[in-house]
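User: I would like to go through some of the labels given to this model and see what each one rests on. Please set the values against the cut-offs.

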Amino acid sequence: MATPFILYPLWALWDSSLPHLDNQVLLHQNLSVKKVQFICTIVFLLWGFLVHLIFPAFVFMKFEEWTYLEGLYFSFTTLTTVGFGDYVA
């Protein structure tokens, strides 16, 4: 239940930055508003996957001496608050 409440401030921050990005960069290149929203969403999701799943898996691989899949699994279960407890960093 806590995860959606944490996402509200993050979404508000992202949403407030969209008009600035739309007006100054992408809309001047004759892209429609829908395309700009789609591009912004894809960039946001890719950045989230990179920062919260891909990069931490490499960090766990280096410092915990796990395989990449074990680090990815640990990152995913930690972020989704499933926390099976089979891996502890």
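User: Which residues in α3 are buried?

Analyst: This is a predicted model. In α3, the buried residues are Gly 71, Phe 74, Ser 75 and Thr 77. The cover over them includes α2, residues 33-63.

User: What makes Ser 75 count as buried?

Analyst: Its relative accessible area is 4%. Buried means under 20%, so Ser 75 is called buried. Ser 75 lies in helix α3, which runs over residues 68-79. Neighbours within four places in sequence aside, Ser 75 is in contact with His 52, Leu 53, Pro 56, Ala 57 and Phe 60.

User: How do you know that the span of α3 agrees with its number of residues?

Analyst: The expected span is 1.5 Å times one less than the number of residues. For the 12 residues of α3 that gives 16 Å, and the end C-alpha atoms are 16 Å apart, so the two agree. After α3 comes Thr 81, with a positive phi near 55°.

User: Which residues meet where α2 and α3 come together?

Analyst: From α2, they include His 52, Leu 53, Pro 56 and Phe 58. Among those they meet in α3 are Tyr 68, Gly 71, Phe 74 and Ser 75.

User: How many aromatic pairs are there, and what makes the pair of Phe 58 and Tyr 68 tilted?

Analyst: The count comes to four aromatic pairs. In the pair of Phe 58 and Tyr 68, the ring centres are 4.9 Å apart and the planes are at 40°. Centres within 6.5 Å make a pair; planes under 30 degrees apart are stacked and over 60 edge-to-face, so 40° leaves tilted. The pair links distant parts of the chain, with Phe 58 in helix α2 and Tyr 68 in helix α3, 10 residues apart.

User: Why do Phe 58 and Tyr 68 count as partly exposed?

Analyst: Partly exposed lies between the 20% limit for buried and the 50% limit for exposed. Phe 58 has 44% relative accessibility, so Phe 58 is partly exposed. Tyr 68, at 24%, is partly exposed too.

User: Which residues form one aromatic cluster?

Analyst: Phe 60, Trp 66 and Phe 74 do. Of these, Phe 74 is one of the buried residues of α3.

Terms used. Residues are numbered from 1 along each chain as its sequence is written. This is a predicted model: local features need pLDDT of at least 70, side-chain atom pairs count only at pLDDT 80 or more; totals for chains, interfaces and linings use all residues. Side-chain values use heavy atoms; hydrogens and water are left out. Helices (H or I, at least four residues) and strands (E, at least two) are DSSP runs, numbered from the N terminus. Buried means under 20% relative accessible area, exposed over 50%, partly exposed in between (1.4 Å probe, protein chains only). Contact means heavy atoms within 4.5 Å. Rings of Phe, Tyr and Trp (its six-membered ring) pair if their centres lie within 6.5 Å; planes under 30 degrees apart count as stacked, over 60 as edge-to-face and the rest as tilted.
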